[in-house]
Amino acid sequence: MTFFTDSRGPDEWRRRLARVVEQEPLILTRPSRPAVASLREAPRMVYLGVGLCSRHHLSVGLPIDILGLILPAEAIRRAVGASQLLVLVADAHAMTNHLPALEIERRARLTVQVLARIARRLGLSRMVVVRASMLGRGGDYDRVLRPVVETSQGRHHPYVLRQVADVAYLTKRFGTLVKVGWSLGPERARHRHTDEVSFDRWVTPLSGVEAAYVYCWPGRALDDDRGRAPPYIVRDPGRRILLHGSEDVARKLERAADHASLPTVRAVRNHLRRLATSYARTVTPIQAPTVELRMQRILDHVFRPAALTRATPATPAARARRGSAATG
């Protein structure tokens, strides 16, 4: 496992961090402001976790919403001068839910491949992708996890304990960090045990470690019952925009009218606009008249780089996307 090192950024890192928290469209500003005030020194690392499962279901894909964590995390890393963006794939955590080990292994391997491709294609040279099962293999991680488990006294699910130990281990090994996660925002009152805030609140009580937390918008699903969703877990591929080379964004949004209400589809489109804006700021500008085309260009950038150097073929899907310009 390779980690980067770098010198500390200039003293104005806190002001730059505050500006990102206030202006980055994918960050929930109000719950993230305390992170700016809580930091005593410039963070050495920005960290985010990528879950592979819910309590009872393994993800069947990776949604494009994962960029809603990666792009803000990279913006924060640049702002504070941190030497790396660590993306932790939570395979060891998935094992605590007693899901099939072979399926977890397959999903973890595919997720790592896509994340590594994102880092390479988007030029995120400081992004390091690590599987949780590979973290602290010499026993250092277990020495952090053990007292967390003892302090819990059986009151918390093992998944929560590993989340706590992740932050404690990385802080003790690498110093001050910012953890980037997601929150349900106003929906927390009704679903307060389903986002990352519910994990992060136990870090200090169970480990004694303090960290700064920045929260982003949740993922969005084309589903009236589960409109807000984890930005890294897919249960129904037909109701999420997938981070996949064969995805047709315009077609999926058009077909969503068969099973989702107009407000739900509008919420997904608004979230895609936030993703496109952040992508243009952090990676490269996107020249396209509609949100469908902007997201398709992002997918092309990741999966079909040659397509960026030639005209888009006049396929039926491409013509449909161009024809949707009036509704973008």
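Biologist: Which backbone oxygen lies 2.7 Å from a polar atom of the side chain of Lys 252?

Modeller: In this predicted model, the oxygen is that of Pro 237. A polar contact needs N or O atoms within 3.5 Å, and the pair here lies at 2.7 Å.

Biologist: Why is Lys 252 called buried?

Modeller: Its relative accessible area is 13%. Buried means under 20%, so Lys 252 is buried.

Biologist: Where does Lys 252 lie, and what is Lys 252 in contact with beyond its neighbours within four places in sequence?

Modeller: Lys 252 lies in helix H10, residues 249-255. With those neighbours left aside, Lys 252 is in contact with Leu 222, Pro 237, Gly 238, Arg 240, Ile 241, Leu 242 and Glu 247.

Biologist: How do you know that strands S4 and S5 pair?

Modeller: Pairing takes at least two bridges. Five bridges join S4 (residues 177-182) to S5, and the two run parallel.

Biologist: What is the order of the strands in the open sheet?

Modeller: The five strands are ordered S3-S2-S1-S4-S5, with parallel pairing. S3 (127-131) and S5 (212-216) each have a single partner strand, so they stand at the edges and one side of each has no neighbour in the sheet. From one strand to the next, the twist averages 25°.

Biologist: Which strands does helix H7 lie across?

Modeller: H7 (residues 158-174) lies across S1 (45-50), S2 (84-89), S4 and S5. The helix runs at about 155° to S1.

Methods: Residues are numbered from 1 along each chain as its sequence is written. This is a predicted model: local features need pLDDT of at least 70, side-chain atom pairs count only at pLDDT 80 or more; totals for chains, interfaces and linings use all residues. Side-chain values use heavy atoms; hydrogens and water are left out. Axes are lines fitted to C-alpha atoms, for helices over the stretch in contact, and angles run from 0 to 180 degrees between N-to-C directions. Contact means heavy atoms within 4.5 Å. Buried means under 20% relative accessible area, exposed over 50%, partly exposed in between (1.4 Å probe, protein chains only). A polar contact is a pair of N or O atoms within 3.5 Å; within protein, one must be able to donate a hydrogen and the other to accept it, and residues adjacent in sequence count only if both atoms are side-chain atoms.
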